[in-house]
Amino acid sequence: MTAIEIQRVYLKRAREYLAQEDHEPTMDDVCDKWEAILLQLEEDPMQLTHQVDWVTKKHVIQSYVDKKQCGWDDPRVFLLDLQYHDVKRTRGLYYLMESRGLIERVVEEEAVQRAMSTPPQTTRAKVRGDFIRFARAKNRSYTVDWTYLKLNGYWEETILCMDPFSAVNRRVEELISPSVRRTVLPMRSMDELNARNHATVRRFRLGVVILLALVFPVDLFAGPHLGAQASDAHYSGKQGQILVVNVPTDGGVTGMEGTFLGRSISFFPDTRPEESNRFVGLLGIDLQDEPGTHALTVKVQAGEHSQTFTYRVQVLKEKFHVERLTLPKNKVDLDEKSLARWTAEQAQVKEMLAKDSRTKFWQAGFVEPVSGKRTGISAVSGS
């Protein structure tokens, strides 16, 4: 399909939508103008001089080339190319043509100036505008995209806005509310950031803690560490620890997954009523992970659309107690039969660790690892 054919498909869908919805007459005028321009582009684009920007620019430069009998690679043409887009109204060729009535305007200048500070009130542009206005009022560095908003600094929280037609976002409302003070405090130290993470962990489901405590005999969760180093990381933890990663959303997210140092990180919706628009993931820092700042890449899925963004995770070196054991030679240099058994067991372990199950095992009953007689210190029961 050509570009014009694709545009006609969009135009047809737009008219079908308007036929089913109440709308202002202006919408019909837009579609009529759209259709007329497509027809002229198909016949001869130069008919649209003074109406379509790129056609107007081509007409201006072509006229200059013909008059000066020069090529399009002439340095004067390059200068003309830049001068056309000069934003200074007394120098820019576009504005000079407009002042002489050679450009057809669609909206008045007052509407343009108003739109620069007042976004549409029925889409996520309003949310974005409220966020930017707050950040500038507090003199805070910020980053915005079509689908996410973020305050930069030691305390960072990415707010996802996946629904283009949602003019309300609870996270942004909490951020700009006078009763919420956490974002206007001075930059927080790494100790404070880790303390916040630690407090979040304490509130996380007790079942997760019990399950992890059975698996990991080391200190599980990252808390405040002595001698904290200044860092621009979102999260920080020592080798052998586990971090809780919180990703707030606007409610339109259907799935989320992450990757850290080649390992898959699962995210689950937070089921607490007060945190219904948040996903939570557990990030384990391996004993062999190199100290330094590494990227945690998170892919957010909202229906057919997806967005990928990155958290910075600072891995801190941990000093582990080393205990040396003396083993019999036959336990170190395995015989052929023992080596074969070890090889088979390692293959089974590798296969199980490669599976990424999204089942919340801590919400189900206890799964017996083997069947048979159960024995214990205080009781023995038959199967």
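Set aside the neighbours within four places in sequence, and Leu 296 is in contact with Val 245, Thr 259, Phe 260, Ile 265, Leu 283, Phe 309, Thr 310, Tyr 311 and Val 313. Leu 296 is also one of the residues with the most contacts inside the largest nonpolar core, alongside Leu 160 and Met 256. Please keep in mind as you read that this is a predicted model. The chain has 383 residues, of which 32% count as buried, and its secondary structure comes to 12 helices and 12 strands.

**Nonpolar cores**

- The largest nonpolar core holds 23 residues.
- At least two residues of this core come from each of β5 (242-248), β6 (255-260), β7 (263-269), β8 (278-284), β9 (292-302) and β10 (305-316).
- There is also a second, separate core, made of 11 residues, and Phe 131, Ile 132, Ile 159 and Leu 175 are among them.
- As general background, nonpolar side chains in soluble globular proteins tend to be buried together.
- Looking at the chain as a whole, 54% of the contacts between residues at least 6 apart in sequence join residues at least 24 apart.

**The second largest pocket**

- Four helices each supply at least two residues of the lining: α2 (25-43), α3 (53-68), α5 (93-99) and α6 (109-117).
- Of the elements that contribute to the lining, α6 gives the largest share, with 4 residues.

**Cysteines**

- A search for disulfides over the whole structure comes back with 0.
- Cys 31 has a relative accessibility of 4%, so it counts as buried.
- Cys 161 is buried too, because its relative accessible area is 7%, under the 20% cut-off.

**The loop between β6 and β7**

- Two residues to look at here are Leu 261 and Gly 262, which both lie in the loop between β6 and β7.
- Leu 261 has a positive phi of about 50°, although it is not a glycine.
- With a relative accessible area of 38%, Leu 261 is partly exposed.
- Gly 262 counts as exposed because its relative accessibility is 73%, over the 50% cut-off.

- Asn 139 sits in the loop between α7 (124-137) and β1 (142-144).
- Like Leu 261, Asn 139 is not a glycine, yet Asn 139 has a positive phi, of about 55°.
- The relative accessible area of Asn 139 is 70%, so this residue is exposed.
- Lys 12 has its place in helix α1 (residues 3-20).
- Lys 12 is exposed as well, with a relative accessible area of 54%.
- Between the C-alpha atoms of Lys 12 and Glu 35 there are 9.7 Å, and the two residues are 23 apart along the chain.

Terms used. Residues numbered from 1 in each chain as written. Predicted model: local features only at pLDDT ≥ 70, side-chain atom pairs only at ≥ 80, totals over all residues. Heavy atoms only, no water. Disulfide = S-S within 2.5 Å. Buried < 20%, exposed > 50% of the residue type's maximum accessible area, 1.4 Å probe, protein only. Core = buried A, V, L, I, M, F, W, Y, C linked by side-chain atoms within 4.5 Å. Contact = heavy atoms within 4.5 Å.
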